[in-house]
Amino acid sequence: MPTIRELTQDDLGALFALPRRIYANDPSWVAPIGLLERKRIAAFMDKGRLKLFAAERDGAVVGTISALRDEGYVAHKGEPVAWFGYFECIEDEAVAAALFERVATQAREWGCTLVRGPRNLTRFESMGLTVEGHATLPPFMQSHHAAWYAALVEGQGFAKHHDVLAYETPVLDALGNQRELPEPLKSKAAACDIPGLVVRPTSRLRMARDLRDAHTVLNEAFATVPDISPMPLGQWMALGRVYLTVADPRMLQIAHVDGRPVAFAGTFPELNEAIGAMRGDLLPLGWLRSTLAMSTIHTASFKLIGVVPEYRGTGLQAKLVDHTIRGVKEAGYTRLEASVVDERNAPMRAIVEGAGMTVYRRYRVYQAGV
Ligand SMILES: CC(C)(COP(=O)(O)OP(=O)(O)OC[C@H]1O[C@@H](n2cnc3c(N)ncnc32)[C@H](O)[C@@H]1OP(=O)(O)O)[C@@H](O)C(=O)NCCC(=O)NCCS
């Protein structure tokens, strides 16, 4: 039987060393940026929200797992859930059993009767276990997993809770021309007829005004989405400035009606195509490699779309998708990806599937009673 050891902040080496061994020859693995990840883990540990465990056998680390509690989620949803994450394991059921037993004990200590996961830290990153698409690069902020993990997790009594999906589509056809929008999106975009409507890309010269307009739309549009609270303007502007420094302004498209901002859509360079080249080294060789790789990013990642409620159902979202794909092409990208979409989010799935996108990676969120 393996032994289980709780890891401290000064002893996180095992967490990073094991995946390096497991994925040594796997080109789909993107190493975490160690220093940044350590800082973020420390913040969760300081608040008593995160416990990390390593399984060892004959002095060697053979598995890792975390237990996480998210009191905000428990209070909001009323579900007594603890999350497992940072799951890495050699292909050995006894090791997986020991890891999950330790997490179950922790969950019960926290008063939780359900364990769900994997989820590493926040709800917006590393959600779910790869169950399809192992040969592809994971999208930014999502993880890669060994092919045998799903069987190990299911072998411990976990069943599917829901899937989240990563979609892709080529931007160009075989001749290098921009691909036509598929029907019915094309007709929907063409039929969109709103008097006074102007859809245009953002501009570095008007950066502050464009970001403020996008923020207005963001808070109006997302007010109808459960679980989302308004984002303060300062926080949005800070994020937006970084975004517009890294991204081509054509990747963010804004729609106005008679000068009033009513919709926007944003895509982002797929950073994993550059981070993958770093192999987890922050300095200095890693940055050099990733800077060189930045110019080789060929994927734009579709992250945000919002239409204020009064213009929904008008075809404006289709028009915006059309402009966004055109902007992405003009900025030199050849592939568009969208991630991650909760399979239960029917409207969002209708949009990405309507744009001709197909699933290239499927992540499964599992759950078990404890
Ligand atoms: C998502 C959003 C941009 C869509 O714009 P919209 O004008 O409402 O979109 P549409 O009315 O054209 O509907 C889009 C598709 O979803 C479908 N749809 C809408 N509600 C649905 C539901 N409850 N179940 C199933 N399908 C639904 C529509 O039938 C349509 O499909 P189609 O193109 O095959 O006809 C808009 O609703 C919005 O801003 N929502 C809040 C922000 C958000 O959730 N953004 C997405 C995450 S980034």
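Because the model is predicted, local features need pLDDT of at least 70 and side-chain atom pairs count only at pLDDT 80 or more, while totals for chains, interfaces and linings use all residues. Residues are numbered from 1 along each chain as its sequence is written. Helices (H or I, at least four residues) and strands (E, at least two) are DSSP runs, numbered from the N terminus.

E3 runs antiparallel to strand E2 (residues 50-57), to which it is joined by 8 bridges. Two strands are taken to pair if DSSP finds at least two bridges between them. Arg57 faces Ala60 of E3. The hairpin of E2 and E3 has 2 residues between the strands, and within this hairpin Asp58 adopts a positive phi near 50 degrees. E3 also pairs with strand E4 (residues 81-89), again in the antiparallel sense, over 6 bridges, and here Leu68 lies opposite Trp83 in E4.

Strand E13 (residues 358-369) brings together another set of pairings. Strand E5 (residues 114-117) runs antiparallel to E13 and is joined to it by 4 bridges, with Gly117 opposite Tyr366. Strand E6 (residues 129-132) is linked to E13 by 3 bridges, also antiparallel, and Leu129 faces Arg364. For strand E7 (residues 159-170), 9 antiparallel bridges connect to E13, where Gln367 stands opposite Ala159.

A further group is built around strand E9 (residues 252-257). E9 pairs with strand E8 (residues 197-201) in the antiparallel sense over 5 bridges, and Val257 in E9 is found opposite Leu197. On strand E10 (residues 260-269), 6 bridges join to E9, and the two run antiparallel; Gln253 has Ala265 in E10 as its bridge partner. The hairpin of E9 and E10 has 2 residues between the strands, and Asp258 takes a positive phi near 50 degrees there.

Turning to the helices, H7 (residues 207-221) and H8 (residues 233-246) pack at an angle of about 125 degrees with their axes 10 Å apart. Axes are lines fitted to C-alpha atoms, for helices over the stretch in contact, and angles run from 0 to 180 degrees between N-to-C directions. The angle therefore makes H7 oblique to H8, given that angles under 35 degrees count as roughly parallel, over 145 as roughly antiparallel, 65 to 115 as roughly perpendicular and the rest as oblique. Met207, Leu211, Ala214, His215 and Leu218 of H7 meet Leu233, Trp236, Met237, Gly240 and Leu244 of H8.

Finally, Ser28 sits in the loop between helix H1 (13-22) and helix H2 (34-46). Ser28 is partly exposed, because 17 other C-beta atoms lie within 10 Å. Setting aside neighbours within four places in sequence, Ser28 is in contact (C-beta atoms, placed from the backbone, within 7 Å) with His134, Ala135, Thr136, Leu137, Pro138 and His144. The C-alpha atoms of Ser28 and Gly133 are separated by 9.7 Å, although the two residues are 105 residues apart along the chain.

Technical notes. A residue is buried if 20 or more other C-beta atoms lie within 10 Å of its own, exposed if 12 or fewer, and partly exposed in between; C-beta atoms are placed from the backbone. Two residues are in contact if their C-beta atoms, placed from the backbone, lie within 7 Å.
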